Amino acid sequence: ATLHNEDEIKRLDLRIGDTVVIKKAGDVIPDIVKVLVEMRTGKEERYVFPEYLEACGGDGRLERISGQAAWRCVNRGSYAEQKRKLYYFVSKAGFDIDHLGPKIIDRLLDQGLIAAPYDIFTLKRGDLLTLPGFGEKSADNLLSSIESSKNIPLAKFITALSIDHVGEETANDLAEHFTTLERLRATSLDELQSIEGVGDVVAESVYTWFRDKKHAASLLKLIRLVKISPHKKEKARALFAGKTFVLTGTLEAFSRDEAKEKIRALGGDISSSVSGNTDYVVVGENPGSKYDEARKLGATTLSEEEFLTLMRA
């Protein structure tokens, strides 16, 4: 649900035991609209974020990231964090490896068959047959998916690395600017800071990540096992050049990811939130809070039909 961070919980004044109104937002996410305060019994409790979590390892301390609503383990090398990074590495946003979900990752880790992302590409049939519940067919299916995933576009490869502050949109910006991993690895901090959409915090994070000895060693092993496709700049980029789009609600003609690809192909940028810099908010069925924010800020909204018409202009 949309109770994704501490600030949102505080904004709603949501408490454990509350009755709430929800609506469908985006494709599937239940959006908490408001709390029915009049239905409180007095037994409701405020939610307090924990200060310690055993899974973090070390002393288990948690901290809230300065300037953000996110909490994280103080011990950045914890087993729990590494496991989550592996989940993300194989997810649709990254290498998109079918048949390799969190449960299989957990089994591989428990059996000592993988410890880092590059280990996934060294798995053998015999390794998988030792896993509980794995037969010959399931082993062959997974190995086939792993083999197919070895060819990956640069943007998705960058996303899969789990660099702090670098999500899918920033990864696309970096791929668009550098076009190859070699150029990105050799870049200067000044060049990173000069890229539109990449601020000082993100630039520092990317620059530092590629110069970390542990990351560099892991990356070297990984790129020997996969093939990264250079980013191809689109020729027909003028139509949406300099325009920033936000998508909300469900579209009928194509999925959210397909819509983003079409916008980028025409030179546009994608943002995950509405701001004063937003040029268009594309509104599908059952739009979420971004639509309300667009109306509040006076941003231009487009129905799906209007969006399609704009693309054909």
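Helices (at least four residues) and strands (at least two) are DSSP runs, numbered from the N terminus. With that in hand, welcome to this predicted model! Two features are worth a look here: a disulfide that joins Cys56 to Cys73, and the largest pocket, with a volume of about 1,600 Å³.

**The disulfide**

- Searching the whole structure turns up 1 disulfide.
- Its partners are Cys56 and Cys73, with an S to S distance of 2.1 Å.
- Cys56 sits in the loop between strand E4 (45-46) and strand E5 (62-64), while Cys73 belongs to strand E6 (residues 71-73), so the bond ties together parts that are 17 residues apart in sequence.
- The disulfide is left-handed because the torsion about the S-S bond of Cys56 and Cys73 is about -70°.
- Are these two cysteines buried or exposed? Both Cys56 and Cys73 are buried.

**The largest pocket**

- How many residues line the largest pocket? The lining has 45 residues, and those nearest the centre of the pocket are Glu168, Glu169, Asn172, Asp173 and Arg264.
- Sorted by class, the lining of the largest pocket holds 18 polar, 16 charged and 11 nonpolar residues.

Key
Residues are numbered from 1 along each chain as its sequence is written. This is a predicted model: local features need pLDDT of at least 70, side-chain atom pairs count only at pLDDT 80 or more; totals for chains, interfaces and linings use all residues. Side-chain values use heavy atoms; hydrogens and water are left out. A disulfide is a pair of cysteine sulfur atoms within 2.5 Å. Buried means under 20% relative accessible area, exposed over 50%, partly exposed in between (1.4 Å probe, protein chains only). On a 1 Å grid over the protein atoms alone, a cavity is a set of points where a 1.4 Å probe fits but cannot get out, and a pocket is an open set with protein on both sides within 12 Å along at least five of seven lines; lining residues have an atom within 4 Å of a point. Grid points are joined across faces, edges and corners, and a volume is the space filled by probe spheres set on the points. Ala, Val, Leu, Ile, Met, Phe, Trp, Tyr, Cys and Pro count as nonpolar, Asp, Glu, Lys and Arg as charged, and the others, Gly among them, as polar.
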